[in-house]
Amino acid sequence: MSHIANIELHSPPLTKSAVCETHGDYESRCYLGKIWTACPACADDQSKKERTEAEAKEQAARVESWRRKIGEAGIPERFRDRRISTYAATLPGQQRALDFAKAYAAQFGEIRKTGRSALFIGLPGTGKTHLAVGIGLEVMEHHGAAVLFTTVMRAVRRVKDTWGRGSRESESEAIAALVFPDLLILDEVGVQFGSDTEKLLLFDILNERYEKRRPTILMSNLPIDEVVTYLGARVFDRLREGGGEFISFTWESYRKTGTHGAEGI
Ligand SMILES: Nc1ncnc2c1ncn2[C@@H]1O[C@H](COP(=O)(O)OP(=O)(O)OP(=O)(O)O)[C@@H](O)[C@H]1O
Ligand SMILES: [Mg+2]
Ligand SMILES: [Zn+2]
């Protein structure tokens, strides 16, 4: 005969008073055999603790997945906290640049369809990279956009690296990876003298993005006419189409005057 069959059911349950070391007196009940309920406040505490732990774990997972996303977007470690909201605007030019960045991020739903690009030009240390990264973080967070941050040098090298024997990536795959993102942030345009190969590759990438109506934000220290020469009129015209804007950053470097005194190069 089964053991279970012998267990006695108590209806109504038996009761007795019991004492919890933490919560004091409580009524313990017995519904079945000799199994008495434990302190209900302890059970409450335990489930609260489990809920808090689960929430903390979820939060940690969210942070980790955000970190991974930023990493995959190529956003440099020391720029990961450069948000639009942390850009200080004390000069009129800074205010214009900030307003532009805010509007660009806010309108990205539309911009990702029209492919409206932007060109940040001006002096070193004026916050071009800061604001471009700020836009990138914003559209990743609020528009679920795929963003890629890179420099012209790195973009070109990535494609050139596929020319070597035994490269795991093909040239078209490398170009596709640069064309794919909803927003490409291309820093340091014209830092090195552009070879014809470099210009051709850049044209391929920007032209394909143009044809697919995908926006690009470019940054350069060169004056506008030299940017045009560097990129070539054909690329430049494509950037202008669809309302592409140039934002000038023409004030003193924040690296000297700002609070980021320890900023390395
Ligand atoms: N208006 C600002 N408010 C807050 N931080 C700023 C501002 N302008 C620049 N910075 C900070 O100063 C440093 C230099 O800015 P950033 O690297 O964006 O300049 P840049 O214009 O890209 O310079 P470069 O042309 O040399 O690349 C960064 O740490 C950036 O966060
Ligand atoms: Mg920069
Ligand atoms: Zn208890």
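What percentage of the 265 residues in the protein chain is made up of buried residues? In this predicted model, buried residues account for 28% of the 265 residues in the protein chain. The chain carries ten helices and eight strands, and because its radius of gyration is 30 Å, well over the 18 Å that the globule rule gives for 265 residues, the chain is more spread out than a compact globule.

**Overall dimensions and contacts**

- Along its principal axes, the C-alpha trace of the protein chain spans about 90 × 50 × 35 Å.
- Of the contacts in the protein chain with a separation of 6 or more, 73% are accounted for by residues 24 or more positions apart.

**Strands β1 and β2**

- Strand β1, covering residues 9-20, pairs with strand β2, covering residues 24-32, in the antiparallel sense, and eight bridges are found over this pairing.
- The two strands β1 and β2 form a hairpin, with three residues lying between them.
- Within this pairing, Leu14 stands opposite Cys30, which belongs to β2.

**Strands β2 and β3**

- Strand β2 is also joined to strand β3, residues 35-36, by two bridges, and β2 and β3 run antiparallel.
- A hairpin is formed by β2 and β3 with two residues between them, and in its turn Gly33 has a positive phi of about 55°.
- Cys30, which stands opposite Leu14, also stands opposite Trp36 in β3.

Conventions. Residues numbered from 1 in each chain as written. Chains lettered and ligands numbered in written order. Predicted model: local features only at pLDDT ≥ 70, side-chain atom pairs only at ≥ 80, totals over all residues. Helix = DSSP H or I, 4+ residues; strand = E, 2+ residues; numbered from the N terminus. Rg over C-alpha atoms; globule rule 2.2 N^0.38 Å. Buried ≥ 20, exposed ≤ 12 C-beta atoms within 10 Å, placed from the backbone. Contact = placed C-beta atoms within 7 Å. Pairing = 2+ DSSP bridges.
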